[in-house]
Structure formats: structure tokens, C-alpha cells
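Please consider the chain below together with its coordinates.

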Amino acid sequence: MITNIKSMQGLGIYADRGAKSPPLQFRRYNLVYGFNGSGKSTLSRLFASLQAGEPHSKLPEGAAFEVSLDDGTAFGCPSNPNGLERRLLVFNSDYIEQNLQWAAGRANPVFYIGADQADAANELTKIEGQIVIAEADRNVATATEKAAEKTFANFKKERAKSVASRLHLGSRKYEAPGLAKDYEKWKGDERPKLSDDELKAAEDTRRLDEPMPRREALTFDEATIGTAYRFISEVCGQSLAMVALDEVQRHPDMLLWLKHGHEFHEANSIEDCLLCGNAISSERRALLSSAFDDRVDQFVARLAKTSDRLNELVTAVTGLEGQVPASDDLVTELRAQFKVARQTTLADTATLVAQLGTLQAVLASKRERPATPADMTGVASEADVLDTAGRIGAGVSAINAAIAAHNQAVTDFKKHQEEAETSICRHFIADCRDDYAKSAKEVDDATADVLRRTEQLEVLRKSARELRERIRTHGPAANVINKLIAAYLGHGELTINPVDDGYQLQRHGTPISGVPSEGEKTAIAISYFLSSIEADNRKLKDAIIVVDDPVSSLDTKALNFACSLVRTRLDKAGQVFVMTHNLQCMNEFRKGWKWKARPPEGKDPSATFLFIDVTMPEGQTRRSSMIVEMSKLLREYDSEYHFLFSHVLRFVEQPDAYDDHGYMIPNVLRRVLDVFLAFKCPGGSGLPNQLDKLCADHPDLDRDRLAALERLAQVESHSDNLDDLLSFSTMTLEETRAAAGALFAMMDHVDSNHLKNLKRLCRLPAASATGAQSS
């Protein structure tokens, strides 16, 4: 069964419906009451679209809707209109226009299965049973396809969202279509995923708003280390054998002491030795001056210069530590390898500084004792020094290579970021490749299954169509239609008779002349429609029947019979919708289905009573219809008096609030006044005379205030039925409020208990709840 209208857009007077709209809760029997112009014809055309499998030509252009069934399937227009064509039948003015030509006295054929085609009929019944199963299988396959598509869409959406969070794209987006495009690009790419460090590096690159600073390359002359080492070692091993003093030969460590002492005595013209106090002879002075010539000064100066050079070399090597950038100073993807090279190089630098430090110690000792060969046993070997220098040279080369790569990344910043983005996307495609392919395959398999089952269903439908064309005949349906017409009209004067291409209307056995009366038209149309329900081997128990206003221009007896006929003949239908603007017709179906709508405790209701409520939303200039639960004041009473009074009561008690029904209050006031006066002043000839009689019966009435009601009578003189409730009044808001006040004052004066009970009834919780919803 159809359980709800899930969505509705652009259907004329109707307000749009969507996911947040309250469900309509259609059941097996559904009564929809609404005034003329509220949208019943539009609603019937919505159902007729599903019967035809395409949008109805009289629906507004661009209209869209979707209904849901109790098995979870959904049908609608313009998408997915097919599937209910064999089950849905709609009776409305369009149906009558399409099938009955009153002026020509003709009707389209209604095909029944011929009695002489029993075998073919049995085969058709069998195929139709297979069609039901095939439709169910196709629906299951379609639901499976939709579920697979939804799962796949959610997978792509969530995965794309996850990837986007790692790309740091700023104002750009990475969504499911981008993921699908990347999958197609790299689904055959066998390159491994990024390591955790590589992924982090790529993310860090994407986070950058601007390039990092460039870095300077390191300088290190490996050859200088070996040359310096050998030179210093050679100097430290030399002695001053050229000094021709026995004292120096015997005591070489005293060389500088003797030299500095001699130079001090000479410079200060001291004749006696400051150490021993003896006079220094001229011969001794000459000998010392000869021994300490320029060669000693040159050797000492050479040692000093060598020491300075060694210190500079140590400072240069030590300075490498400050020149090497920190790992975080380089672009992230270089940091892992750079960190290793940096640590190794700094460790080797410390080693080389320590090795050169052994030379510094020896050289310092040599400078103190230049005539004595230095003790080289504690000095690092040349091989070790060269090996360390070689490792430093290799480390500096690796560091410089990383710095060069960093500087290139800085220069090509945009390209570098794009490459990082690509690597991240490719990484996550590799990460989800199997799951993506699995979900895509499930969708493809489900789609293929739907296609296969659809093709199988179409083969069965084609076979059924061919069988129907072969075995159907429209003659037997005439007897069914004529029996219904006779029962309806109470006589058999009017009949239809089969001709080659349909039926001919006859009266007393001869073609009808002129056009049938409105009552006869209604009788023929309803009988014709009811007879067509089981045409073409259709089963009533499977049918969804929609009847829009089954009565027209009928007297009370004919109306009651028509309603009873429709209700009785459709009692076994799969689902029934009856829509009417006729209050008496509504009451007939309401009474017949009352216990279906409110069954004994423990049983579920099988009937739903609805009302098409027309309002004027605040700030709008056009009326708007909504299908709502029928008010208790309509559902429980045969007259509309209580329901209309509830509108007037709300209007009076909320004078400052906007009233969605304000546009029709003058008409409603007139209808309430008519009903009240009909009981209080029976037999009156017109409203003014009734008011005069009322004043005569109640002398204390304020006759001047009743002028507002006379004005209402003059303006709303046409308001003698419910259809006028949707028309616009010419009364102003101030006149309407004056008339409403006058009406309540008059009712209170004439029959205060009646007014009090009406107010109480309209304020009952159940009534106000459903009434408010229906309003």
C-alpha cells in the first residue's frame, strides 16, 4: 500500500513537502475532505501520473513528487514513475472526459477475458503471478543496488574527507569525485605506500603558507688536514743542532732561557750575571751572540706560526658544528636522512678536533723546548686523522646535497607542494584500493542484477500484453455496467451496448438523443469505472483505487446509494482513496469507515481521515494547501457548524495574532450565522427578516450592533455552501472583527448556554489538538 507522500514540489496550490514534513499515514481506507479549490483534482492527478507511468499533462510544469509504499519502495515523477500502472486506477473528471463522450453517446471499451479463451486466460493468470514475483525480485534488486550505491557513496565521501584533512587545501576541496578520479588514475600503480615519516613530511609541506629560508652550503678542505698534520709533525720532530754551545748540547731545554737571559743582559747593559753574580767576560758575550743568531729566532717564529695555523685549523673544524643546519631547518622529506648525516658528521668533527688537540699539546711543548725533539707517542696517527677527515668530507658532501635539495624545493615551492599533494593522494589510493574496488564491484554487480531482472520482467509483461490482446473482449463488461446502472437509477431504461470500437449509450434500446442528465451521467460514470476495475484480468485485492468526488448533482437518495455502492464494491480492494468536497458524501464514507479508523482496543486502525487545509501564510499573497489530520469537529459531527465555529472562536480570542484563515472568516461567519438563525428563527425569509424576528423575540438585543451582521449578510449573500469558503471577501478586517463581535454578543444574549457549550467543545484537548493541526 501507499503509506505517504514523501515529497511534493511545485504542485499548484500545495505547499511543498520534504523529509521534515510529518508523514500522512495512509492506510487501506483513506478519506480526504476538502473544499472546492483546495487541490483535490491536483492530488488525483498525482495518483493518475503513477497510473500512466508518466507525469499527468495537467500537472504544473516542473512538478515533482514521490510516494512511498509499506514495503519500502518508492515511485514518483519525473523520476521512477513506473511500477504501479497495473495496480492503480483513478476516477476523476479527467477519467470521465477520456472514456465517456456524452454528446456522441459513446464510451470506450472495457475489456474482459472471453469465456472461450480459458487456456490462454489461465496462462495469463500464471504469467501475471510470475510478474508479481518478478516485480518483487526487481524491487529487492533495486533496493540492493541503492544500498550498494549508498554504501559506496558514503565510502568515497568519508575517505575523501579523510584525505582532505591530510592535504591542507585551504579554500580548495577534495571530495568524492576527486577520489574517484584519482582511483582511476592510480588503480594499477604498484608503487608502495608512503612510510609514516614520508607521509608526515608531505603533510608538513602542504601545511606551509610560504617557502622556508634558503640555507648556505658548508666548506671543508679535507686535503688541508693531511698537509697540516704532516707539516706540524715534522716541525715537532726537529731539533736545533746548529747551536754551538756545549751547554745547549748538554741541556737543550735551557736554550730559550740562555737566549732570553743573554738578550736581557745586552739590552740592559748589565755586566754581571744576574744568576751567579759573576762578571760576564767579553769573550763570553761574543760566544753567546754568535750562538743565538737569526736562525734560532726564525725557528722559534716558525713554531709560533705553526701553532697559530693549527689553532685556526681546529677553530675551522670546530666551527662546522655551528654551520650545520638543524634538521627542522630543512624541508621535511629531507630530514630523516639529513639527521643521520648531521649526527655522524658532528661526531666525526668532535673526533677530529680531539685528534688535532693531541698535536696542539705536542706543539705547545715544542715551543717551550725548541731544541728538544718532541715526544710524538701521544699524537693521533696520520692514518686515523686522514680517515676522520675523509669521513667528515663525505658527511659535508651529503649535508651539502641535502641543502641543495632543500634550496631547490624552496625555489620550486609551488611545484614542491603539488608533488606533496600528489604523493599523499597516491598513498591513500594505495591504502584503500582493495576496499574501493570491492565496493565498486558490489555496485556494478547490483546494477547488472537490476538490469537482468528488469529484462526478465519486461519479457513477462510483453507476454502478458500479447495474451490480453489475443483473448480480451469488451462485450461481457456491458452486462456488468448495465446491472450497476439499473441498480443505481432504479430502472433499466438507460443502457450501454457493445459496438465494434466501444459502447453506445441507449435509452429504451435505441441510441440516446441529447445529453444524459447530470444524475444519469454520474450513474453511468461510476458504474463504468467500477466495472473497469477487474478488466484485463486485474484483481481487486491488488488494486489501489482513487476516487475523486464520486457524486455530482444527486439528490439525497441517489447520493447515499452512490456512496454505498462505491464503498461496498471497493471494500475488498487493496487500498482505497476517496476525495470529496461534498459534506454529505464525506459523512457517508466517514460513518461507513468510522470503526475502521477507531477499531476496538488491541486492533490496528485501517482507515485514515484527512483534511485539505487551505491557509494564507503570513507575508504571502497566495493561498497554500496542506493535507492534515481531520479535525475532531469534522470527524465526529455530521454538520460543519462546530468546525466553522472553532475558526471564528480563534479569530475572536486572538485579535492581535495573524490568522492564516483570516481571508475566509467573513464567509465562515455568514455560515455560522445562517445555521444559528435556522434553529432560532425557523421559517424566516432571509437573514434580515430573521434578525428582525430575533430582535422581536429578544427586545434587549442591541439592534444597532446587529448592523454589522446585516452588513455581513449583504456582502456575503452568496455564501450558502462550503465551496464559497475559499473565495476572498470584500469586507475589511475591521468590519470582519465588528461582525464577529456582534455575532458572539448576539449568541450570548439569545442562548448563552449554547455559546458556552460550543466554546467548551472547541477547547477540549483532543479537539483543540487535532483542530489546531487541521487548521
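Is Asp94 buried or exposed? Asp94 counts as buried, with a relative accessibility of 5%; buried means under 20% relative accessible area, exposed over 50%, and partly exposed in between, computed with a 1.4 Å probe on protein chains only. The model is predicted: local features need pLDDT of at least 70, side-chain atom pairs count only at pLDDT 80 or more, and totals for chains, interfaces and linings use all residues. Residues are numbered from 1 along each chain as its sequence is written, and side-chain values use heavy atoms, with hydrogens and water left out. Helices (H or I, at least four residues) and strands (E, at least two) are DSSP runs numbered from the N terminus.

**Salt bridges**

- Side chains of opposite charge can pair when their charged atoms come close.
- A salt bridge is taken as a side-chain nitrogen of Lys or Arg within 4 Å of a carboxyl oxygen of Asp or Glu, and by this rule the count comes to 39.
- Lys58 lies in the loop between α1 (40-52) and β3 (64-69) and Asp94 in helix α2 (residues 93-99), so the contact ties together parts that are 36 residues apart in sequence.
- Whereas Asp94 is buried, Lys58 is partly exposed at 42% relative accessibility.
- A salt bridge also links the side chains of Lys441 and Asp445, with an N to O distance of 2.8 Å. Both belong to helix α13 (residues 413-471), where a spacing of 4 residues separates them by about one helical turn. Asp445 is partly exposed, its relative accessible area being 41%.
- Within helix α5 (residues 196-207), Arg207 and Glu203 are 4 residues apart, about one turn of the helix, and their side chains meet in a salt bridge of 3.7 Å, N to O.
- Arg207 is partly exposed at 43% relative accessibility, while Glu203 is buried at 8%.

- In strand β15 (residues 607-615), 9 of the 9 residues are buried.
- In a regular strand the side chains alternate between the two faces of the sheet.
- Both faces of β15 are covered, with Ala607, Phe609, Phe611, Asp613 and Thr615 buried on one side and Thr608, Leu610, Ile612 and Val614 buried on the other.
- Strand β2 (residues 29-33) runs parallel to β15 and is joined to β15 by 5 bridges; two strands pair if DSSP finds at least two bridges between them. Leu31 stands opposite Phe609 of β15.
- Strand β16 (residues 624-629) pairs with β15 in the antiparallel sense over 6 bridges, and Ile627 in β16 is the bridge partner of Ile612.

**Helix α21**

- The buried residues Leu687, Gln690, Leu691, Leu694 and Cys695 belong to helix α21 (residues 687-697). They are on the same side of α21 because they cover an arc of only 140 degrees around the axis, the arc being that of the directions from the helix axis to the C-beta atoms.

**Backbone geometry**

- Most residues other than glycine have a negative phi, and most peptide bonds are trans.
- Cys77 and Pro78 are joined by a cis peptide bond with omega of about 5 degrees; Pro78 is located in the loop between β4 (74-77) and β5 (88-91).
- Gln25, which is not a glycine, has a positive phi of about 55 degrees and is found in the loop between β1 (2-9) and β2.
- Asp549 has a positive phi near 50 degrees and lies in the loop between β13 (544-548) and α16 (556-569).
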